[in-house]
Amino acid sequence: MKSPALKAFDLDHEDKALARYGETEFGRGALLANRLTKTGVRFVKLNRGGFDNHSNIFQAMRGHGAVMDPALAALIGDLATDGRHEKTLVMVLSEFGRTPLGQGNDGRDHHPNAFSVWMAGGGVKGGTVYGTTDELGWAPAENPVHVNDFQATLLRLFGLDHERLTVNHRGLGVRLTNLGGNVIEDVIA
């Protein structure tokens with residue numbers, strides 16, 4: 001309770017920054033993430049719910065964009081201003097995507113076969129698009145990424161060798177990428 005990072009939670013005098021990040025829960029969270037990383041906090045998770053859109057997906061996505069776009073742009077801009085973007089990885093991801101075909105009331109069903117992960121900073125090559133789907137967006141077409149490839153790449157970005165890092169599982173050293181996994185070199189700067 002004596003950590004200097006606690007001062008980061010005081011957003012009372014951040015009117016100008018909140019105007020850029022957005023006067024929303026997500027905007028305040030992104031500003032807090034910025035402030036926490038300035039104090040040396042090494043991991044910050046920012047959550048935005050409301051993506052389980054089995055109906056009215058188009059309206060919901062416009063709402064998410066209106067909240068998330070300014071907050072993420074301000075966060076990345078602030079990280080770049082003082083050079084922290086080189087050491088700070090920012091990701092937007094979910095556990096699955098959405099079907100390319102509609103469902104019921106203009107919604108989309110769960111779809112784990114093909115979806116996107118957005119990354120910036122932290123050793124990621126800016127402007128890179130890696131992988132494609134078929135023309136419907138139903139399945140990977142080129143450069144599919146398995147979860148083990150994604151984990152291997154994240155570990156590399158964190159400065160860890162996925163082939164050497166092990167966790168204790170029932171007394172045995174087991175790799176997180178034990179079932180395979182290759183670093184996606186094309187996304188690393």
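Helices H2 (residues 25–38) and H3 (residues 57–81) pack at an angle of about 15 degrees, with their axes 9 Å apart. Helices here are DSSP runs of H or I, at least four residues, numbered from the N terminus; axes are lines fitted to C-alpha atoms over the stretch in contact, and angles run from 0 to 180 degrees between N-to-C directions. This is a predicted model: local features need pLDDT of at least 70, side-chain atom pairs count only at pLDDT 80 or more, and totals for chains, interfaces and linings use all residues. Residues are numbered from 1 along each chain as its sequence is written, and side-chain values use heavy atoms, leaving out hydrogens and water.

**Exercise 1.** Work out how H2 and H3 run relative to each other.

*Solution.* Start with the cut-off: angles under 35 degrees count as roughly parallel. H2 and H3 are therefore roughly parallel to each other.

**Exercise 2.** Find which residues of H2 meet H3.

*Solution.* Look for contact, meaning heavy atoms within 4.5 Å. On the H2 side you'll find Phe26, Gly27, Ala30, Asn34 and Thr37. Their partners in H3 include Val67, Leu72 and Leu79.

**Exercise 3.** Explore the largest nonpolar core.

*Solution.* Such a core is a set of buried (under 20% relative accessible area, 1.4 Å probe, protein chains only) Ala, Val, Leu, Ile, Met, Phe, Trp, Tyr and Cys residues joined through side-chain atoms within 4.5 Å. Of its 15 residues, those touching the most other members include Tyr21, Phe26 and Val90. H3 gives the most to this core, with 7 residues. Next, pick Val90: among the residues it touches, not counting those up to four places away in sequence, are Leu72, Leu75 and Trp118. Finally, a second, separate core of 9 residues includes Val124 and Ile184.

Key: Helices (H or I, at least four residues) and strands (E, at least two) are DSSP runs, numbered from the N terminus. Angles under 35 degrees count as roughly parallel, over 145 as roughly antiparallel, 65 to 115 as roughly perpendicular and the rest as oblique. Buried means under 20% relative accessible area, exposed over 50%, partly exposed in between (1.4 Å probe, protein chains only).
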